[in-house]
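Here are my notes for you to read alongside the model. Keep the structure open and click through the residues as you go.

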Amino acid sequence: AAVALSVEAALAAGGPDTYRLRSPPGAAVAVAVTGSSGVAAAAGLYRYLRDFCGCHLSWSGAQLRLPDPLPRLRAEIRASAPGRYRYYQNVCTQSYSYAWWDWARWEREIDWMALSGINLALAFAGQEAAWQRVYRSLGLNQSEIDAYFTGPAFLAWNRMGNLHGWAGPLPPAWHLKQLYLQYRIVERMRSLGMITVLPAFAGHVPQGVLRVFPRVNATRLGGWSHFDCTYSCTYLLDPQDPMFQVIGTLFLKELIKEFGTDHIYSADTFNEMTPFSSDPAYLSRVSNAVFRSMTGADPEALWLMQGWLFQHQPDFWQPAQVRALLRGVPLGKMIVLDLFAESKPVYQWTESFYGQPFIWCMLHNFGGNHGLFGTVEAINHGPFAARRFPNSTMVGTGLVPEGIEQNDMVYELMNELGWRQEPLDLPSWVTRYAERRYGTPNAAAASAWQLLLRSVYNCTGVCVNHNRSPLVRRPSLHMDTELWYNASDVYEAWRLLLSASAELGSSPTFRYDLVDVTRQAAQQLVSDYYLSIRRAFQSHALPELLTAGGVLVYDLLPELDSLLSSHSLFLLGHWLESARAVATSDREAEQYELNARNQVTLWGPGGNILDYANKQLGGLVLDYYGVRWSLFVSALVESLNSGSPFHQDQFNQAVFQVERGFVYNKKRYPAVPAGDTLEISRKLFLKYYP
């Protein structure tokens, strides 16, 4: 028996996406799935696979053992999405996660998006090639363009005017490969009924524009995020300068000619940058200029804007300033992403964005950090509360992590909520989740997930998921070891998962979760050893300092590194080799590898945003974090031995040489896992389970 898929636009009757599942008479077709769009049909298919066949699909793997014969449905099932949009992607994800992707990886992601019911997403690849053509047509020379574009791992912040030049330039081959990718991305997304969001002009220009047009009116913004004007301080055109419309419309026409359009465009003018004036009239002129440069190329344009700036700089963005920026665009012609709605919703203090439609988004992850984390209660109730808000203008839900391929459970939950009319019963949902993920019911695994659900995954209040564990931060005597959950719940979940390994050990998703939970337990243990080290130093107890420091540096961190090295999705080599694979010459390969190394460590030439994009990867733990900890323990021992005080500033200078050394050391790391995950986890458990 087969599954039949079809698209029938009339099914939605002009409303939100709808799908229908039914088992027709006769044995040939087990279930017929009809959707009002390709995405709706795909979401209906995944509903069948998930709820009736016990299947599971995620970034870390799939469990697709289908029952034979395929189950038939006793009654027809019909579902409509509660809102117009299910949105996906953050502008930062382009750099933290997608930077080195080839078409095969993109194709897999777009299929996952369709099955997850996502119908609105960014299509940002290849835009620098279009910008290069526009800049050349305006009279800029190649060296001015090269001085503007950043390297591939930092393009997200070049596009928002935060950075220029850092880790660049972009080789010609980069532009060609990205154009080729973008053609395929938009073709596949549209073929499935998704709406592609193209980039638009936000007002930032390269310095070369001021040479070609010396009378242009531009303001220089301040430095961004610990960067000085060497790589920051972008020029922003005055909204009333005629060149604003010329450049913006030129770019969008170029893009539409190349890729076609679905009439929704993204632009962020003031991402984490303070406007030079708080005058509401000025802010309205800026947003109006951005929008007019869109309609100059496409009269049907809608502007999709990230609402991050409002909660990031609330002192500047008072109600009058927010209202001015939003109302500079005709009502209904802008969609605002309430980007961090699970923790810091903006719609509540802006009267639902002063009438502009908005999408309730879960940000969840910063910098692509590893670390078990979730705000399950907030996402289970937040979207429904936002729809009930007085005069709510909510038009959908969204996933906007800065980095992906972590915490699959939270994203599966959020995708399911995008199709629901009311919250889920989370404890029973997570039991079914574990069963689908591993392909069979298992009491120990179900208990482990209940513990994780109530602890690491249930952060309440204002939760910001930057991994601040001492493991992944530059060592000091003032490190944050606070947890929002009970550490013993993770240790117990670790024990339970290990006890299930005899039955579930052959499941790839189980092995991934075992690495992830063991990694979380080890991260907690690092904090404990750090506290022992600090206590021993402060009480001048040299033997205790040597013991705790020795265990951390010579056993716990190497064991954690070997655990991570046993799984393909936790390898530094995978990240570095995928960067090198994009290159068309040795020189490019070296540049891309430096981009990849710098992003996950120093994030800038001088550790400007040090460890923001920290990862727990085999190779990185030993050769970067481990070496830092070794230096720190040695410095403390030396201080006690010599009787001279420990100076953090001196240590920072010394450790910066180690950090920088790692970025430039050219050591090749394996992209293939080594060792037995189950064995290494068990060994760690026997040594360290508290």
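1. E559 is buried, at 7% relative accessible area (buried is under 20%, exposed over 50%, partly exposed in between, with a 1.4 Å probe and protein chains only). Its salt-bridge partner is K687, with the closest N and O atoms 2.7 Å apart; the term means a side-chain nitrogen of Lys or Arg within 4 Å of a carboxyl oxygen of Asp or Glu. The pair links distant parts of the chain, 128 residues apart: K687 is in helix α26 and E559 in helix α21. K687 is partly exposed, at 42%.

2. A word on the source: this is a predicted model, where local features need pLDDT of at least 70, side-chain atom pairs count only at 80 or more, and totals for chains, interfaces and linings use all residues. Residues are numbered from 1 along each chain as its sequence is written, and side-chain values use heavy atoms, leaving out hydrogens and water.

3. Now look at D489 and R454, a salt bridge with its closest N and O atoms 2.9 Å apart. D489 lies in helix α18 and R454 in helix α17, so the bridge ties together parts 35 residues apart in sequence. (Helices are DSSP runs of H or I, at least four residues, numbered from the N terminus.) Which of the two is buried, and which exposed? D489 is buried, at 8%, while R454 is exposed, at 55%.

4. R105 and E109 also form a salt bridge, at 3.0 Å from N to O. They sit four residues apart in helix α3, about one helical turn, and both are buried.

Note on methods. Helix = DSSP H or I, 4+ residues; strand = E, 2+ residues; numbered from the N terminus.
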